[in-house]
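Work through the exercises below with the sequence and the model at hand, and try each task before reading its solution.

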Amino acid sequence: MAQQVVAAVRTGPHQTEFRDYPMPEIPDDGALLKVEVAGICGTDVKFYAHPPIPDPVVMGHENIGYIAKAGKQFQERKKVKEGDLVFVEHYVPCFACEWCHKGEYRLCAATDWRKTPGAIRFGYTSAERAPHLWGGFAQYMFLPWNTVLHKVPDGLSAELAGVATPMANGIQWALFDCGVGYDSSVLIQGPGQQGLSQLVACRQAGASLIIVTGTNKDRVRLDVAARLGADHVINVDEDDPLERILAITGGNGVDVALDCTAGSGVTPILLGIDALVRKGGTILVQGEVKQFPDFPLAKVTNKYITIKCARGHNFRSCELALKQLSSDRFPLDLITTHRMGLEDTDKAIKAVGAAQDVIHVSLMPWE
Ligand SMILES: [Zn+2]
Ligand SMILES: [Zn+2]
């Protein structure tokens, strides 16, 4: 095995440097992942432009790889052996709190990297901290004892398994959090990999009406949405989305509105509130806008709206995502549009931000 590991390191806004780190010593309760695919998502686009910490970071938080080396304890605890293909959650939790016992690692204080000093999260942690390999934009990643793993089902390719994170979010947000199910009507704003994964989850669960919106730069993505089973797609740069949604629903509005947009400010939230049914709808929001001047609280209370917050995925939604991906029920290769090598990390992140014909980019550290 090589003595040095090559990693793409974010060293500042829009800045990638390639660095060699020493191959880590693997303790009895740890393991080494040979990264096959690191998926890139909207969060990477955001944090590449505006790094949340000044330290160098090996990004890459949607990781699939082979267990290259594992201590005996790690193998026993995680029921994995060297050579297994696994999906690694980016949460590295305490495994002791109530949330962890429920499989809700996303809510464990130890995974809250903004608030908990010393918290580790794959793709977010300072590369200054030994053994440095805390992200998927590298040939290898270090897995501590409290890593959360999911075995990739037999027959599912690493590249398609790389969509596990957005698919798990789709199942978590639309089905578990917003209650989409049989006969639901749903508005999905933003047709990126996240919005398209929500679409697949909603269809699988039995939604009877799915409307997907996008902008001029999303033309290809809207076409993919239609091919994956959206009943209506709306380009908001060409059409008035609210008018169209009300026309489609006979003036009733939709049961659930999911915000999967990036960089659109308060607009999707306002549209979501207006597009919901007269009483009892549910809206899923992201935390992109810190302040919301003139938030229409009276409308929210009058319409008896429930607000849900997008907050990652739990253990079960990851397991179901891998099952969904391996089911072959949807032409999901329409989502895995691009693969790029480690030397193209900068280009790959920017390509996801620019949209056009790019939906999901698989960063392949060995290509
Ligand atoms: Zn992500
Ligand atoms: Zn915990």
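Helices (H or I, at least four residues) and strands (E, at least two) are DSSP runs, numbered from the N terminus. The model is predicted, so that local features need pLDDT of at least 70 and side-chain atom pairs count only at pLDDT 80 or more, while totals for chains, interfaces and linings use all residues. Residues are numbered from 1 along each chain as its sequence is written.

**Exercise 1.** Find which residues a cis peptide bond joins, and where the proline is placed.

Solution. The cis peptide bond, with omega about 0°, joins Ala-130 and Pro-131.

**Exercise 2.** Locate Asp-183 and Asp-294, and decide whether Asp-294 is buried or exposed.

Solution. Begin with the background that most residues other than glycine have a negative phi. Asp-183 has a positive phi, near 70°, and is found in the loop between helix 5 (164-177) and strand 8 (185-189). Asp-294, also not a glycine, has a positive phi of about 55°, and its place is in the loop between strand 12 (282-285) and helix 10 (297-302). Buried means under 20% relative accessible area, exposed over 50%, and partly exposed in between (1.4 Å probe, protein chains only). Because its relative accessibility is 74%, Asp-294 counts as exposed.

**Exercise 3.** Describe the chain as a whole: how many helices and strands does it have, and what share of its residues is buried?

Solution. The secondary structure comes to twelve helices and 15 strands. Of the 367 residues in the chain, 56% are buried. Finally, the C-alpha trace spans about 65 × 40 × 40 Å along its principal axes.

Technical notes. Chains are lettered from A and ligands numbered from 1 in the order in which they are written. Side-chain values use heavy atoms; hydrogens and water are left out.
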